[in-house]
Amino acid sequence: GTIRLGHDVGYAGAESLDPISPSRFFEANQMLYSRLIRQGQDGQPSPELATEWSASADAKTWTLTLRKGVKFHDGSDLTSADVKYTLERINDPEIDSPVAAVLGIISEVNVLDDQRFEIKLSAPHADLPLLLMDYRVRIIPEGSGDNIAKTGIGSGPFMLEELDSEGTTVLVANPHYWEGAPAADGAELIGIPDSQARVQALMAGQVDLEQSITAQQKRLFQNNPQFKLQTIATGEWRGLAFRTDMAPLDDPRVRKALRMVVDRQEMMTLVSGAEAGVITCDHPVWSGDQYRTEIDCAQDIEGAKKLLAEAGFPNGIEVTISAADNEPEWIHMIEVYQQQAAKAGIKVNLNMVPSDGYWSDVWMKHPASASRWSQRPADQILNEAFRSGSAWNETFFDNPAFDQALDDARSELDFEQRKALYAKLQTILWEEGGELIPYHLNQTRALRSNVTGLDPVEQFSIRWHKVDVE
Amino acid sequence: MSEPQTMNMKMTPMIEVDNFTLGYTNAEGRLVSVLRNVSLQVAPGEALGLVGESGCGKSTLALAMMAFLRSGSQVQNGAIRFHGQDLFALKPQSLQSLRGGRIGLIPQNAGQSLTPTLKIDAQLYEALKLHSGLPSSQWRQHAIELLQQVRLPAPEAMLERYPHQLSGGQQQRVAVAMALAGEPELLILDEPTTGLDVTTQAHILELLRTLRQELGMAMVFVSHDLGAVARISDRIAVMYAGEVIELGSSRDVLLEPAHPYTRALLNAIPRLDAEGLPPSLPGYPPKVGSITQGCAFASRCSHAQPICSEQNAPMMALAGHQVRCHLSGHLEQTEAASNVVSLPVQSTDEPLLLLEQVQISYHRPGLIDAWLQRPAPVATVDGVDLQLNRGETLALVGESGSGKSTIMRAISGILPARSGQIRLKQDDLNQPVEQRSKALTRRVQMIFQNPDASLNPRHTVFEILQQPLRLYFGLNHDACRDKAAELLSLVRLAPHYLDRMPGQLSGGEKQRVAIARCFAGEPDLILCDEVTSALDVSVQAAVLKLLKELQQQRGVTYLFIAHDLAVVKAIADQVAVLYQGRLCQVGPVSEVFTGHHHPYTRTLMNAVLEPDPDHQPVIAGDDSPEQHPPARGCAYQRRCPLAEPRCKEQLPPWQAHQGNRIRCHLELDALATLIDRPQLIKAVNA
Amino acid sequence: MLKLILQRLAMALFTLLTVCVLVFSITEALPGDVCTAYLGRDAQGTRLENCRQARNLDQPALQRFADWGTGVLQGSLGTSLKRDKPINDLVATRMRNTAVLALGAAVIGIPLAIFLGVIAALRRDRPADVLISGGSIFAMTIPEFVTATVLVLIFSIQLQWFPAVTTVRHNAPVSELLPNIVLPMITLALVMMAHILRMVRSAMIDVMASDFVQMARLKGVPFWRIVCLHALPSAMLPTINIIALTVAWLLGGAVIIEQVFNYPGIGTLMIRAIYDRDLPLVQAIALILATVYVLCNLLADLSSLALNPRLRTAR
Amino acid sequence: MTAITMDMNTPVAKPASRWRQVWSNLRRSPSGMIGLSMLTLHLLMALLAPWLAPYDWTLQDGYQILQPPSEAFWFGTDHMGRDLLSRTMMGGREAITVTLLGTLLAVGWGGLVGMTLGFVGGRVDAWVMRFIDALLAIPWLLFLLLVIALVGQQTWTLVLTLGFFFGIAVVRVVRGATLEYVPRDFVIAARTRGESRLNIVVRELLPNVLDALLVEAAMRWAWMLLAFSSLSFLGFGVVPPTPDWGLMIADSRGMISIAPWAVIFPALALSTLIISINLTADALAKAIGLDRAKAPV
Ligand SMILES: Nc1ncnc2c1ncn2[C@@H]1O[C@H](COP(=O)(O)OP(=O)(O)OP(=O)(O)O)[C@@H](O)[C@H]1O
Ligand SMILES: Nc1ncnc2c1ncn2[C@@H]1O[C@H](COP(=O)(O)OP(=O)(O)OP(=O)(O)O)[C@@H](O)[C@H]1O
Ligand SMILES: [Mg+2]
Ligand SMILES: [Mg+2]
Ligand code: NI
C-alpha cells in the first residue's frame with residue numbers, strides 16, 4: 001500500500017529537499033536520502049552508508065569505509081567523492097548552512113579510494129560518529145547541489161515523484177534500495193498545518209500516522225482498536241530561559257531557587273500528561289544519551305526560600321517571562337510555574353507576545369523567555385546552548401570552568417572519563433544554570449492498526465523501507 | 001344625473017352596509033371601534049360620496065366594502081352585502097374574483113399603489129388575465145383601448161413604461177384603466193385626486209364623470225374635499241368619528257345641511273366668491289375609542305344640549321335626507337354669510353422685501369461639465385421681480401413644480417440665487433444662510449408645509465421653542481420657559497403643551513407650535529410654504545385666522561405660498577402667479593381675481609372646485625406637466641390656448657393696469673375678450 | 001448609464017489604490033520582516049543581511065512599493081519573498097479553490113436563505129417563523145469553528161461520509177476538490193444563510209405591508225402571484241447590496257473555515273503570509289480580496305439596476 | 001366653546017417620556033424580555049464571577065484531568081484539571097469588557113464622524129467616504145491581524161483596534177441614517193435659523209439618529225464578540241491564564257469526541273450571550289420603531 005503521512009508545512013511551502021537548507025523538508029528527506037551513520041536500536045551509532053569507522057589516537061583524523069553497491073535514484077553509484085562533496089558543501093561559507101555549526105570542526109575530507117575516505121578535524125573530537133548521525137547530514141550525489149532542492153535524488157528507500165509541500169508530495173518505492181525494496185509501494189506526504197486537523201485526518205482515516213500527538217489527544221486513540229500508540233523517549237524539551245547576565249538572576253542562588261520550586265512531575269502531568277516524558281534536572285542531556293546523569297531535583301520550597309533570603313530577597317521576587325503561542329506547552333507551562341513558584345513567594349508574570357517575530361525580537365532579548373530545543377547529542381547541545389559566546393547561548397551563561405570542562409570532554413578518548421566530565425557539566429548546570437528544563441518529552445505517535453513494520457523508535461531512526469499499510 | 005333615476009335604483013341595492021361596526025386592537029391592547037353602526041346602500045349606477053375629516057374612518061369603510069380588513073382589525077357587528085351576499089362570508093377564491101373584477105378600487109396614491117418593478121403592460125395584462133377572460137392574444141389590443149379610454153396620450157408607448165416614468169396624473173389614469181379592466185359594476189375611489197395639482201385634479205374628476213356616464217358603473221367616492229365630492233356624487237354621506245352623521249342627495253347635503261357638523265364644515269371652506277377668512281370649526285375630532293356615549297360631536301357643537309352627551313343620537317329622516325342629531329329640524333337655517341371673519345388690512349407703503357431679476361438654479365456644474373464646457377440647463381427660476389411692503393401678505397401661486405418653494409429657499413439662504421438682487425430693506429439676502437449675521441437670520445423666519453417634518457420628533461415642544469430663544473436672545477432655561485409659555489398662549493395653546501412631543505399633538509397643534517417657534521425670533525418677514533395644505537379644512541380655517549391675527553398684532557410681513565386660490569384670496573393682499581419659475585402676473589388680490597387675467601391665471605381659476613353641485617370647473621385642454629421651462633419666449637407658450645408664433649420667440653412684455661401687471665404679448669383688452677371662449681377637453685391628446 | 005458605470009469603476013480603482021497604500025504602510029510598520037520570520041533563531045549576522053539583500057529589503061520602502069506597483073500594472077503581482085515563487089501562480093490556484101467554495105456555498109445558501117426568509121416573513125410570528133428565525137439567530141451566533149468541529153465529528157469521524165480535511169494537491173482539478181468541499185461549504189453556507197435570511201425576512205415584511213401589495217390584493221391577484229411577482233423583486237432590492245457585502249465579508253473571514261478543514265484557499269495563504277511577513281504576498285492577497293469585494297459590490301449595483309427600473313430608466 | 005378653551009381644558013396627563021415608552025414596548029415583547037434577562041444574567045455573571053466561582057479558575061489538578069460533569073465539577077474539568085464551571089463563569093469577563101468598550105468606542109467615533117459627514121456633505125464627505133470604503137474593502141481578518149500584530153494584544157490595544165475597525169461600518173450606517181434627516185424641514189429650519197453646525201449635529205440630528213445608533217451598537221456588539229472569539233481561536237485574543245470562551249473552545253475542540261463538555265459549555269455560554277444581545281437588539285429596534293435589516297458591515 002501507500003503510506004500517508006501528515007506534516008505541518010513548517011516552512012509554508014518553501015520546503016526544500018536540500019537536506020542542509022534552513023527550510024529542509026525533513027519528512028521527505030528522511031525517506032529520500034541516507035546518512036553515513038544512523039542511530040541503532042540501542043541509541044548507539046550504527047552503520048548506514050558507512051560500514052566501518054575508526055579514529056586516530058589524537059581523535060583528529062577519522063577513517064570511514066562505505067557500503068558497496070549503493071546506487072542513487074538516478075542509477076549512479078555512491079562513492080567517496082559524493083561523501084566528500086556532501087561534507088564540504090555543508091561547510092561551504094557560500095551556502096551558509098546552519099549544519100555548519102555541527103560539522104564546522106571538519107577541516108578536510110580526503111578520498112582514499114572509491115569506498116574509503118578520511119575526515120580531518122581542526123580539534124580533537126572523540127564522538128564524531130554522533131555528529132555524523134545528525135538528521136541533516138544526508139549524502140547527495142557529487143555536483144548535484146544546485147538542483148537537489150527540486151530533484152531529491154538520494155539513496156533512500158523512496159524516490160520523488162511530485163513535490164508539493166503544501167498539498168500532497170508523492171514518493172514512490174525505490175526498488176534498488178540497498179536494504180532491499182521497500183514493503184510499501186509509495187508514500188504521500190500531506191501538508192496539514194493545523195495540528196488538530198492532522199489528528200482529525202488520522203481519525204477520519206485520511207492519513208495513516210501522526211508523529212507526535214499531545215498527552216490529551218492520546219485519549220482519542222487509547223481504547224480504539226483501529227489505532228495503535230507508540231511512545232518514544234526523545235531529547236526534545238521546552239524550557240524557560242532566564243538571562244544570567246541580568247539582575248537579580250546574575251546571582252546563582254536566585255537562579256537555583258527559581259528552579260528548586262518546581263514540582264517537575266506535577267508540571268509534566270498538567271502540561272503534557274503524566275507519562276509524557278522523563279524528568280530532567282535542568283540539564284539538556286536526555287535519557288537515551290549515554291552521557292546522561294541523574295540528579296535529584298525534587299521540589300524544595302523551603303530550600304528555595306532560604307536561598308532567596310540569603311541572596312537578599314526574604315520577601316520573594318517577581319519575574320516576568322515572555323512567551324508566545326508558537327508552542328502550546330509554553331503558556332501552560334508558565335501557568336503551572338506561576339502556581340508552583342507562588343508558594344515560595346516568587347511572583348511569575350506572563351508577558352504574552354506575538355508569535356511571529358518571537359525568535360528575532362523576544363528570545364534572547366527579554367530577561368526571561370520560553371524556549372524549545374530538539375534532540376541533540378550531549379556534546380552538541382552543551383556546546384550550542386551553554387558555552388559562553390555561543391550564538392544560541394540563550395541564558396548568556398558564562399562559566400569558565402564549564403567551558404574548560406567542555407573542551408576536556410571532547411578530547412578525552414577514554415569513555416568512562418569522558419562520561420565523568422559530562423556528568424560534571426550537567427551538575428554545574430543544575431547548581432548554577434539559568435534554564436529551567438523540567439523534563440524531556442516523550443514522543444507519542446498514533447498510527448492506524450493496519451500500519452506494519454513501524455518500530456517504536458524516534459522518528460529519525462525509523463526504517464521506512466519496512467513500513468507498509470495493509 | 002337627474003334625481004328620479006337615482007330614486008328608482010334605490011329599490012335594488014347593489015351594495016348594502018348594514019349596521020356595520022368594525023374595531024381594531026390599539027396600542028394598549030384594547031378593542032376600539034373605528035366604524036360604528038354604519039348603514040348605507042348604493043344602488044346600481046349610483047355615485048355615493050363619502051366625506052369627513054381625516055381619520056374619521058372613510059378609507060376603512062371603503063376597504064371593508066371589498067371585504068378587506070387592515071391587520072389587527074375585525075368585524076364587531078353587522079354585515080356588508082354585495083347583491084345580497086355577505087362579503088365577509090365569502091370563500092377566498094370567490095373574493096379574489098370579486099376584487100378587481102366586479103368591484104374595482106382606485107387608490108389614493110397611484111404612484112405607490114402600482115408595483116414599481118413591473119411595466120404598465122404587465123400590470124394591465126395581469127388584470128385582464130385574472131378578470132376579463134380574454135385570450136392572451138387580445139390583451140395588448142384591449143390594454144391599448146383601456147388606456148385610450150382614460151385619455152392617456154400615446155398608449156402604445158405608455159405600455160412600455162414603468163410607473164415612475166409617469167406623472168402623478170398619468171399614474172392615476174393608469175390606475176383607473178386597471179380598475180376598468182375588470183369591467184366592474186362598482187368602483188370604489190379612495191381619495192383619487194388628493195395630492196394632485198388643481199388642474200390635474202379637475203381633469204381626473206372630469207374623466208371619472210364621463211366614464212360613469214359612458215359605462216354606468218356605481219361609485220363610492222371617498223374624499224375629504226367637499227368640492228370634489230360635489231362634482232361626482234348623486235348622494236353624499238358625511239362621516240364623523242366613525243359614524244355616518246348625515247346622508248342625502250348631494251344637493252340637499254351641500255345646500256341645506258342639517259347637521260351642525262356638516263354646516264360648520266361647509267362654512268370653513270374658503271370660497272372664491274366670498275370675502276375675508278372663513279370661520280373655523282373649533283376643536284378636534286375625538287380619538288378613536290374615546291367616545292362611548294352620546295353624540296360624538298357634542299363637545300364641539302355650538303348647539304349642544306345636555307342630552308347630546310348622554311344619549312346616542314338616532315338617525316333621523318328629514319326631508320330628502322337622514323341626519324344623526326338630537327336637534328335635527330329644530331335648528332335655524334345656515335348662518336354662513338354672517339360668520340365670515342373679516343380683518344382690516346394694515347399694510348404700509350414701506351418696502352421690506354425686494355427681489356430684482358432673481359435667477360435660481362439647482363444645477364451645480366461638476367468638474368466634468370466644466371471640462372466639456374457643457375451649457376448649463378435653463379434656470380429653474382428666472383427673472384423674478386417682486387416687492388413686498390411691511391405688514392403685507394404676498395401670495396405666490398402656481399402648480400406643483402412651478403418654483404414657489406425654490407424662491408423661498410433663495411430668500412432664506414439655503415439655495416442662494418445665482419444672479420439678481422434679494423434685499424431685506426438695506427440688508428443683502430444674496431449670501432447663503434451660513435454667512436448671514438444672527439440679527440439678519442432672526443428677521444427672516446420660515447414656516448413649512450408639513451408640521452410633521454418641520455418639528456424635530458425627538459424634542460419636546462419646550463425644546464423646540466427654546467432653540468430660537470437661546471440662539472437669538474441668549475435666554476437661560478427659566479427665562480426660556482416663561483417666554484415659551486407666552487409664545488404658546490400667543491398661538492392659543494395651554495402651557496402644559498410644553499412637555500409634549502410632536503407625536504402627541506394633532507396636525508393643527510403641530511402647525512401652531514411651528515408658528516410659535518417662528519414668532520419667537522420676532523421676525524420682520526415670515527415665509528409660509530403651503531402652511532395649510534396638509535391640514536383639514538376645519539383646521540385650515542383656524543390656522544389662517546391665527547396667522548392673520550398675528551400679522552395684525554405684530555405687524556409682520558408674509559410671503560405666502562399656496563396652490564389653493566381660494567385660500568390665497570382669503571389671506572393675501574398681493575398675488576404673484578408663477579409658471580415654470582417665471583412670473584406671469586403680479587398684482588393686488590382684488591385686481592388679479594376680478595380684473596384682467598393672464599391666460600395661465602385664468603386656467604388656474606377655472607380649475608377651482610367649489611362645494612356646490614352647480615359649480616362647473618372649466619378645463620384647459622392639456623394638463624401634462626412640463627419638464628423644463630422653455631429656453632426662449634413666454635414660459636406658458638406650450639399650454640397656452642392663445643399662443644401665437646411670437647410667443648415662442650420673444651419674451652412677452654409686462655403690461656400694467658391699476659397695479660396689476662401681466663406678462664403677455666396680447667393686449668389687455670384682447671385678453672379679456674378672448675379668454676371667455678369655452679375650452680373643451682380634447683378627447684385624446686396625440 | 002454608461003457614465004454611471006465609468007464613475008463606479010473610477011471609484012473602485014481609487015478604493016483599490018487606497019487599500020494597497022494602507023496595507024503597505026501597516027505591513028511596513030510591523031516589527032520584524034520576512035527574514036527574521038523565516039530564519040527564526042538563525043536570524044543573526046551576515047545570514048540575516050544576505051537574506052535581506054537577496055530580497056531587496058535593504059531598499060527604501062517607497063522604492064519597493066513603486067516597484068511592486070509597476071509590476072501590478074504589468075500584470076505581475078510580484079514574487080513571494082518566502083517561497084520565492086511568482087505570486088500570480090501561488091494565488092491563482094488558491095483563489096480558484098476559494099471561489100469554488102464560495103460559489104458552492106452561495107449557490108446553495110442564497111436561494112435557500114431567500115426562500116426561508118420569505119416563508120418566515122409570510123408566516124410572521126407564527127410557529128414556522130419562530131422556528132426559522134430562531135434557527136437563524138442560533139446559527140449566526142455559533143462561531144464557525146464550533147460548527148465545523150461538530151460537522152467533522154459527525155460526518156467524517158463517525159459516519160465517514162466526507163473527508164475531515166482536504167488532502168489534495170493544491171492544484172488538483174475541481175472534480176477532485178468536490179468531495180472535500182462539502183463540509184466547509186455547509187459551514188460557510190450556514191453562517192451566510194442566517195444573515196441573508198434575516199435581511200430578506202425584514203425586507204419582505206416591509207414590502208408586504210406596502211401600498212402596492214395591498215392594492216394587488218384588492219385587485220384579486222392570487223397570493224403566491226403577489227409574493228413572487230409583485231413583492232419579491234422589491235424586497236430583494238435592499239437585500240442585494242447587503243448580500244454582496246455579506247458574501248465578500250465572509251470570504252475575507254473564511255480563514256477559520258479553511259484552517260479547520262485544511263482547505264487550500266486564499267484565507268490560509270493570507271494568514272501564513274502575515275506570519276511570514278511576506279509583504280508582497282500580503283499585498284497581493286489584500287488587493288485580490290479587495291477587488292473581490294469591489295466586484296461583489298459592483299455586481300450588486302448592477303443587479304439592483306436590473307431589478308430597479310427607477311435606476312435603469314430615466315424619467 | 002371655542003377651540004381655544006377646548007385646548008386649555010383638555011386634561012392631559014403628563015406624557016410618558018420617550019424612553020419609558022420604549023421600555024413599555026420592550027416589555028411587551030417576550031423574546032426581547034428573554035434576551036434582556038439573559039443578557040443581564042451574563043453581565044452580572046461577568047461582574048460577580050470571581051466571587052461566585054466555586055473553584056479557583058486557574059487551579060490545576062493533575063488528578064482531575066478531563067473529568068466529565070459530576071457533583072463536584074458541574075461542568076466537568078478541562079485538560080489541565082481546571083474546573084470548567086468556574087472557567088466558564090470567568091470566561092466571558094475579558095471578552096465582554098473588551099467588546100463592550102470596543103462597541104462604545106466604535107459607536108462613539110463612528111456615530112460622530114458619520115453624522116458630521118452626513119450633515120456636511122459635499123467634497124469632504126465624498127473623499128472621506130472613499131477612504132472608508134477602502135478600509136471596508138480590506139478583508140476584515142487581515143486588517144485586524146495586521147493591526148494587532150502592530151499594536152500588540154493587551155486589553156486596551158484590543159479595545160482600540162476592535163473599536164476602530166467596527167467603527168468604520170458604523171460611520172456608513174450612521175451617515176446613511178443622517179442623510180435621511182438632513183433634508184428634513186426641521187434641519188432646514190435650524191439652518192435658516194442660523195444655528196451652528198455643531199449645534200445642528202448635536203441637538204437636531206443626534207436625538208434622531210440615536211435610535212439607529214442604539215440598535216447599531218447592539219448589533220456591532222454581537223458581531224464583535226464573534227470576531228473576538230475568532231481572534232482568540234487564532235491566538236490573537238485573550239492572554240492566558242485568563243479564561244476565555246473562544247480560547248477554551250479552540251483548546252478543547254480536538255477533544256470533542258471524548259470530552260464534549262469542554263467545548264459545549266463555553267460554546268453555549270458564548271452563543272447564549274450573543275443570542276441574548278441579538279434578541280435584545282431586535283426587540284429594541286422594534287420597540288423604537290425601527291424594524292430594519294441588519295447590516296453586516
Ligand atoms: N390597523 C388599523 N386598522 C384599522 N384602523 C386603524 C388601524 N390603525 C389605526 N386605525 C385608525 O382608524 C381610523 C380610521 O382610519 P381611516 O384610514 O379609515 O381614516 P380616513 O377617514 O380614511 O382618513 P384619511 O383622510 O386620513 O385617509 C384612524 O383614526 C386610524 O388611526
Ligand atoms: N433639490 C433639487 N434639485 C434639483 N431640482 C429640484 C430640487 N428641488 C426642486 N427641484 C425642481 O425645481 C422645480 C421647482 O420646484 P419647487 O419645489 O420650487 O416647486 P413648488 O412650486 O414648490 O412645487 P410644490 O407645489 O410641489 O411644492 C421643479 O421642477 C423641481 O423638479
Ligand atoms: Mg383615507
Ligand atoms: Mg413646494
Ligand atoms: Ni362648544
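**View 1. Helix 1 of chain C and the nonpolar patch.** Helix 1 (residues 2–29) of chain C gives the most to the nonpolar patch, namely 4 residues. Helices are DSSP runs (H or I, at least four residues), numbered from the N terminus. The model is predicted: local features need pLDDT of at least 70, side-chain atom pairs count only at pLDDT 80 or more, and totals for chains, interfaces and linings use all residues. Residues are numbered from 1 along each chain as its sequence is written, chains are lettered from A and ligands numbered from 1 in the order in which they are written, and side-chain values use heavy atoms, without hydrogens and water.

**View 2. The patch residues.** C:Leu4, C:Ile5, C:Leu6, C:Leu9 and C:Leu302 make a nonpolar surface patch of about 410 Å². Areas come from the Shrake-Rupley method with a 1.4 Å probe. C:Leu4 lies in helix 1 of chain C. C:Leu4 counts as partly exposed because its relative accessibility is 43%, between the limits of 20% and 50%.

**View 3. The shell around ligand 1.** Ligand 1 is surrounded by 14 residues, and B:Ser54, B:Gly55, B:Ser59, B:Thr60 and B:Arg70 are the closest. Each has a heavy atom within 4 Å of the ligand. Helix 2 (residues 58–64) of chain B gives the most to this shell, with 3 residues.

**View 4. Polar contacts of ligand 1.** These are pairs of N or O atoms within 3.5 Å. A polar side-chain atom of B:Thr60 is 2.4 Å from a ligand oxygen. For a polar backbone atom of B:Lys58, the distance to a ligand oxygen is 2.9 Å. The protein buries 74% of the 640 Å² that ligand 1 exposes when taken alone.

Note on methods. Polar contact = N/O pair within 3.5 Å; in protein donor to acceptor, adjacent residues only side chain to side chain. Helix = DSSP H or I, 4+ residues; strand = E, 2+ residues; numbered from the N terminus. Patch = residues over 30% accessible without salt bridge, like charges linked within 9 Å, V, L, I, M, F, W, Y side chains within 5 Å. Salt bridge = Lys/Arg side-chain N within 4 Å of Asp/Glu carboxyl O. Buried < 20%, exposed > 50% of the residue type's maximum accessible area, 1.4 Å probe, protein only.
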